[in-house]
Amino acid sequence: MIARELIAPPPYAEDVQLGLFGSQKTLPCKLFYDRAGSALFEQITRLPEYYPTRTELEILCGHGAEIAKEVRPGVTVVELGSGTATKTTTLLQAFSRRQMRVPYVPVDISPAALAEAQERVQSQCTRVSVRPVVADFSQGFGFLRNIRGRKLVLYLGSSIGNFDPGPAVEMLSQIRSQLAAGDALLLGTDLVKDPSILVPAYDDAQGITAQFNKNILARLNRELGANFDLSFFSHIAAWSPVKSRIEIYLESLRPQVVDLGLLNSRVKLANGERIHTENSYKYTMPMVREMLELSGFSLDASWFDDRTWFALHLARV
Ligand code: AVJ
């Protein structure tokens with residue numbers, strides 16, 4: 001047996017340590033997306049209650065041509081966090097009706113997802129040439145500088161909703177600072193709506209989102225040798241009207257002490273104590289406009305689905 005002290009802890013170890021020893025316990029939501037978690041998220045996007053993915057796709061299908069029309073031909077489409085680019089093909093097809101060659105640069109942290117994106121786009125969109133870039137956004141957006149020509153940057157899926165308002169503006173400003181006059185951003189945002197729609201989207205009947213949330217603990221068991229018992233936690237999704245966000249927690253179902261393995265520490269949880277794992281902000285139009293303007297963009301146009309559950313916004317530099 002290898003002594004666990006000899007195994008280097010993963011790069012997120014410090015975040016876990018800090019998060020679990022604060023007064024409000026918290027774990028970073030980026031930990032959701034290991035191989036198992038990414039597969040669970042794919043399942044979430046197909047759940048009947050999880051409307052964002054299919055609603056955004058509906059907007060892309062219904063208004064893709066109009067969106068493409070708003071952008072002068074000759075643009076390079078750059079997609080931040082492309083994943084496997086399942087939603088993007090419709091938009092790329094709309095662009096390829098207006099320009100002979102559409103350079104498409106999917107950017108993601110996962111080389112495997114990028115390979116799948118490239119394969120999918122090349123087979124479904126003639127005239128689109130794919131040049132994937134592997135990048136970790138926590139290292140900044142310097143890679144945008146290396147992409148030649150006028151750019152349309154896509155940031156879809158309401159991924160922005162994981163960020164608090166300050167950090168969201170901070171990140172959009174970083175993107176803005178790498179862009180030039182004539183460039184644009186297409187931003188996907190989920191919208192405020194009745195909690196009877198919002199809450200089930202994050203607490204589905206099949207319990208897939210609960211599994212996705214608990215996978216964080218399973219991952220810490222796998223990678224740190226922690227000993228979380230998943231059956232001693234329940235998945236909580238709560239709508240905060242004040243913060244305009246869905247808050248996701250893991251609630252301890254009993255008083256317990258958990259060994260954190262490689263971290264060489266133990267964390268104590270009271271009965272009913274919660275570990276915060278994610279926020280998912282829901283926007284109104286004034287919130288979107290303010291976020292974009294504080295980041296140095298101006299909001300040019302927005303497109304909605306029939307129920308106004310989701311929106312795509314075109315913002316200019
Ligand atoms: C990937 C951040 C857009 O907030 O809806 C889905 C993540 N979490 N179900 C979202 C998520 C639980 C998702 N985003």
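A residue counts as buried when its relative accessible area is under 20%, as exposed when that area is over 50%, and as partly exposed in between, with a 1.4 Å probe and protein chains only. Helices (H or I, at least four residues) and strands (E, at least two) are DSSP runs, numbered from the N terminus. The model is predicted: local features need pLDDT of at least 70 and side-chain atom pairs pLDDT 80 or more, while totals for chains, interfaces and linings use all residues. Residues are numbered from 1 along each chain as its sequence is written, and side-chain values use heavy atoms, with hydrogens and water left out.

**Strand β2**

In β2, Thr-76, Val-78 and Leu-80 point one way, Val-77 and Glu-79 point the other way, and all are buried. Because five of the five residues of β2 (residues 76-80) are buried, the strand is largely enclosed by the rest of the structure. Two strands pair if DSSP finds at least two bridges between them. β2 runs parallel to β6 (residues 151-155), joined by four bridges, and Val-77 stands opposite Leu-152 in β6. Four bridges also join β2 to β3 (residues 102-108), again in parallel; here Leu-80 stands opposite Val-107.

**Ligand site**

| Side chain | Ligand atom | Distance |
|---|---|---|
| Tyr-202 | oxygen | 2.5 Å |
| Glu-278 | nitrogen | 2.7 Å |
| Ser-280 | oxygen | 2.7 Å |

On its own the ligand has 360 Å² of accessible area, of which the protein covers 95%. Accessible areas come from the Shrake-Rupley method with a 1.4 Å probe.

**The sheet that contains β12**

Strand β12 belongs to an open sheet of four strands with mixed pairing, in the order β1-β12-β9-β8. β1 (25-26) and β8 (233-240) are the edge strands, each pairing on one side only. β12 pairs with β9 (residues 245-252) in the antiparallel sense over seven bridges. Within this pair, Ile-248 stands opposite Glu-278 of β12, and the Glu-278 side chain has an N or O atom 2.7 Å from a ligand nitrogen.

Notes. Polar contact = N/O pair within 3.5 Å; in protein donor to acceptor, adjacent residues only side chain to side chain.
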